[in-house]
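I am opening my notebook to write down what I looked up in one protein structure, entry by entry. The sequence and the structure come before my notes.

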Amino acid sequence: MDFSLISTAEKITVLNTLQSTYHALQQKHCFPAGCGSISMRVGPYDPLSYYFAINMNPKEHSQPVVGSISSASYPFQPNFIFINEKGLPCEATKVTSDKEASIHAKIYRLTGCNAILHIHKPLHYEISDHFHTQSYVSLDHNEVTRCADLDSSLDNTLNIPIFPALSQQEIANCITPTQIVANTLQPDIPILLGHQQGVYVWGDSLPQAIQRLEAFDFACELKRLSM
């Protein structure tokens, strides 16, 4: 479906949902110094053609941007822009998306989910730093992870993959973070931890993604107590 065929009402609903959710997570210090991102799909999904809204570059959040999409399309100034499956804006705009838009696009393509969070907390950095050499952290299932629908496997543990930071050699070879994420992501595990790069969590809706984030944080706290 062409982006222009998606109703304005549906787009506004997505923008309002993202705006309120971003604000709520911001109050919980999930986006320190503006780092992190949140996105939500809009319209029908096909692995080769889909659209989503993601927060703008955090440097552009605090000031009105001349030439933004809102004046022409929406009755308010959103802090989010619509992106296609290639990570490119769907509408004419002078604002830029968060630098992680291409990673969100890749996760949508590989999983077919409806919403993604990328959150930074000291806990995530501590856990990833402790376990990154084995490329995953093994978390015990508990009542909280079961409530968040994270116990689909028959094992008593949940192995969360950890993707590494780019090496200088990989940078020289033009390897991108999106490629690293794609090589590490496991579609049946809706969480991906970065080494010193926060955590990506996704779900069929923003509430489900948030629930999974809370369950992941709870399990990480338990893991830290046993370290």
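**Ground rules.** I am working with a predicted model, in which local features need pLDDT of at least 70 and side-chain atom pairs count only at pLDDT 80 or more, while totals for chains, interfaces and linings use all residues. Residues are numbered from 1 along each chain as its sequence is written, and side-chain values use heavy atoms, with hydrogens and water left out.

**Whole protein.** I began with the secondary structure and found eight helices and eight strands, where helices (H or I, at least four residues) and strands (E, at least two) are DSSP runs numbered from the N terminus. I then looked up burial, and buried residues make up 48% of the 227 residues; buried means under 20% relative accessible area, exposed means over 50%, and partly exposed lies in between, with a 1.4 Å probe and protein chains only. For contacts, which mean heavy atoms within 4.5 Å, I noted that among those between residues at least 6 apart in sequence, 68% join residues at least 24 apart.

**Helices α4 and α8.** How do the axes of α4 and α8 cross? I found that the axes of α4 (residues 122-131) and α8 (residues 206-226) come within 10 Å and cross at roughly 55°, which makes α4 oblique to α8. Axes here are lines fitted to C-alpha atoms, for helices over the stretch in contact, and angles run from 0 to 180 degrees between N-to-C directions. Angles under 35 degrees count as roughly parallel, over 145 as roughly antiparallel, 65 to 115 as roughly perpendicular and the rest as oblique. The crossing of α4 and α8 is left-handed, a word used if the near helix is turned anticlockwise from the far one by less than a right angle, with right-handed used if it is turned clockwise. On the α4 side I listed Leu-123, His-124, Glu-126, Ile-127 and Phe-131, which meet residues of α8 including Leu-213, Phe-216 and Cys-220. The residues of this contact divide into six nonpolar, one polar and five charged; Ala, Val, Leu, Ile, Met, Phe, Trp, Tyr, Cys and Pro count as nonpolar, Asp, Glu, Lys and Arg as charged, and the others, Gly among them, as polar.

**Helices α3 and α7.** I next turned to α3 (residues 101-111), which packs with α7 at an angle of about 25°, their axes 9 Å apart. The two helices are therefore roughly parallel to each other, and α3 passes α7 in a right-handed crossing. The contact is made by Ser-102, Ile-103, Lys-106, Ile-107 and Leu-110 of α3 with Pro-177, Thr-178, Val-181 and Ala-182 of α7, and these residues divide into six nonpolar, two polar and one charged.

**Thr-184.** Still in α7 (residues 177-184), I looked up Thr-184, which counts as buried at 17% relative accessibility. Leaving aside neighbours within four places in sequence, Thr-184 is in contact with Pro-161, Ile-162, Phe-163, Pro-164 and Leu-192.

**Tyr-50.** Is Tyr-50 buried or exposed? Tyr-50, found in strand β2 (residues 49-55), is buried, with a relative accessible area of 0%.

**Asp-140.** Asp-140 and Cys-220 are 80 residues apart in sequence, and 9.2 Å apart in space from C-alpha to C-alpha.

**Positive phi.** Most residues other than glycine have a negative phi, so I searched for exceptions. His-29, in the loop between α1 and β1 (37-46), has a positive phi of about 60° and counts as exposed at 63% relative accessibility. Gln-196, in the loop between β7 (191-194) and β8 (199-203), has a phi near 60° and counts as partly exposed at 34% relative accessibility.

**Cysteines.** How many disulfides does a search of the whole structure find? The search finds zero, a disulfide being a pair of cysteine sulfur atoms within 2.5 Å. I also noted that Cys-30 is buried, with a relative accessible area of 2%, and that Cys-113 is buried, with 4%.
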